[in-house]
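Subject: Structure for you, with notes

Hello,

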Amino acid sequence: MRLASVNWYGFDQKEYVVGGLDHAPLDEIIAQIQQIGVNSVRLPWANETLEHNPRVPDYAVAANPAFKGRHAMEVMDAVIAALARAHLLVVLDNHMSNADWCCSETDNNGLWYDREYPEARWLAGWKIIARRYRNQSWVIGADLRNELRSRATWGGANPKLDWHAAAERGGSAVLATNPNLLIMVESPEYSTNFTGFDKLPVTLPVAHRLVYSPHAYYAEGQHLSSYDQLKQAYEPRATFLLHTAPATPLWIGEFGTCQTLDCGPNSDWFKMFVRLLQDNPQISWSYWPLNGTQSTGVGRKYDAVETYGLLTSDYQHIAAPKIVDLLRTVDAQP
């Protein structure tokens with residue numbers, strides 16, 4: 001089955017709740033997800049949200065009065081249950097340690113741990129999450145950590161930077177609690193470089209659970225003037241894994257572009273990347289983001305328009321019909 005997903009962020013942000021609940025009832029937002037035509041949702045969360053479990057601000061759930069005064073994890077339970085009722089699969093993504101906008105080299109969240117949230121708490125958090133949703137069959141995946149950076153390595157002599165070894169520990173911890181989950185593993189360099197993964201693969205205690213998850217965005221100065229150039233650019237960094245042993249599924253955990261699909265080279269890149277997905281039906285994908293508005297965070301303004309978002313700022317309509325139409329050209333059905 002090919003995962004065709006959208007990213008719905010917010011449990012990783014400073015409001016501690018998915019975006020849009022201030023504008024539209026939960027079920028209406030989920031109806032829009034169904035209208036887009038995907039079969040799954042990547043749901044980012046932060047260790048801070050899980051461990052502190054604060055009450056969500058009233059303003060952030062204004063259109064859902066039943067959530068007023070509720071704690072963040074209670075709302076996450078309700079969101080996941082509603083997605084399940086709509087027959088939408090869920091991949092839970094450990095996006096940040098401290099709840100905030102991601103990502104940079106200076107946010108102190110570039111590794112799978114930091115001073116406040118050491119590895120032991122990262123592992124414990126995943127065990128709690130895996131146990132919490134163990135009986136929810138529509139929760140099917142654990143994206144262990146978002147966009148490793150800050151000198152993270154794949155192997156190497158320094159255990160404090162060795163993401164390969166940490167991913168094996170994280171995946172083993174999740175599967176010990178729920179052996180049915182898929183384990184999504186990203187790479188260093190903001191999950192854009194999987195060089196060496198064929199020579200040093202992740203080994204998990206349960207077979208057929210591993211998925212590698214590259215991310216892809218247009219980069220300024222990236223001169224890809226043809227589809228062939230795009231394929232050649234991604235082959236040594238990620239897509240080579242499609243035809244090397246052991247075979248491991250790929251899921252593009254994030255990719256996106258401007259809502260209007262008219263932002264020059266950025267949009268041209270996106271159209272070519274969608275063609276790559278069309279030509280490789282074994283690659284699953286997740287568009288970033290669903291959200292029509294921003295959460296509070298570094299470089300962000302609460303309720304400002306999310307310029308890559310698929311939904312309008314009232315979360316009741318599709319804001320990016322050209323993008324949605326393009327995504328529908330990729331086989332998105334289970």
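**Ground rules**

This is a predicted model, where local features need pLDDT of at least 70, side-chain atom pairs count only at pLDDT 80 or more, and totals for chains, interfaces and linings use all residues. Residues are numbered from 1 along each chain as its sequence is written, and side-chain values use heavy atoms, with hydrogens and water left out.

Helices (H or I, at least four residues) and strands (E, at least two) are DSSP runs, numbered from the N terminus. Buried means under 20% relative accessible area, exposed means over 50%, and partly exposed lies in between (1.4 Å probe, protein chains only).

**Strands**

Start with β1, residues 4–7. Both of its faces are covered. Ala4 and Val6 sit on one side, Ser5 and Asn7 on the other, and all are buried.

β1 has two parallel partners to look at; strands count as paired if DSSP finds at least two bridges between them. With β2, β1 pairs in the parallel sense over three bridges. Three bridges also join β1 to strand β10 (residues 283–287), again parallel. Val6 shows both pairings. Its bridge partner in β2 is Val41, and in β10 Val6 stands opposite Tyr287. Asn7 stands opposite Arg42 in β2.

From β1 the chain crosses through helix α1 (residues 26–36) to β2, and this β-α-β crossover is right-handed. Right-handed here means that, with the strands pointing away from the viewer, the path from the first strand over the helix to the second runs clockwise.

Seven of the seven residues of β2 are buried, so β2 is largely enclosed by the rest of the structure. Ser40, Arg42, Pro44 and Ala46 point one way; Val41, Leu43 and Trp45 point the other way. β2 also pairs with β3, in the parallel sense, over seven bridges. There, Ser40 stands opposite Leu89.

**Salt bridges**

Side chains of opposite charge can pair when their charged atoms come close. The cut-off used is a side-chain nitrogen of Lys or Arg within 4 Å of a carboxyl oxygen of Asp or Glu. The whole structure holds 15 salt bridges.

- Asp93 and Arg42: the closest N and O atoms are 3.3 Å apart. Asp93 lies in β3 (residues 89–96) and Arg42 in β2 (residues 40–46), so the pair ties together parts that are 51 residues apart in sequence. Asp93 and Arg42 are buried.
- Arg149 and Asp107: the closest N and O atoms are 2.8 Å apart. Arg149 is in the loop between β4 (139–143) and α5 (163–177), and Asp107 is in the loop between β3 and α4 (119–132), 42 residues apart. Both are buried.
- Arg237 and Glu189: the closest N and O atoms are 3.0 Å apart. Arg237 is in the loop between α7 (227–234) and β8 (250–252), and Glu189 is in helix α6 (residues 188–191), 48 residues apart. Arg237 is partly exposed at 30% relative accessibility. Glu189 is partly exposed too, at 42%.

Salt bridges that share partners also join Arg42, Asp93, Asp143, Glu186 and Glu254 into one network.

**Nonpolar cores**

A core is a set of buried Ala, Val, Leu, Ile, Met, Phe, Trp, Tyr and Cys residues joined through side-chain atoms within 4.5 Å. The largest has 102 residues, and Trp8 and Phe255 have the most contacts inside it. Helix α3 (residues 72–85) gives the most to this core, with eight residues. A second, separate core has seven residues, including Val91, Ile140, Met184 and Trp251.

**Around α7**

Which residues of α7 are buried? Tyr227, Leu230 and Tyr234 are. Seen down the helix axis, the buried residues of α7 fall within an arc of 55° (taken from the directions from the axis to the C-beta atoms), so they line one face of the helix. Their cover includes β7 (215–216) and α8 (265–279).

Ser225 is in the loop between β7 and α7. Ser225 is exposed, at 65% relative accessible area. Its C-alpha atom is separated by 8.8 Å from that of Pro265, 40 residues apart along the chain.

Thr248 lies in the loop between α7 and β8. At 12% relative accessibility, Thr248 is buried. Thr248 touches Leu210, Val211, Tyr212 and Leu241 (heavy atoms within 4.5 Å), not counting residues up to four places away in sequence.

Best wishes
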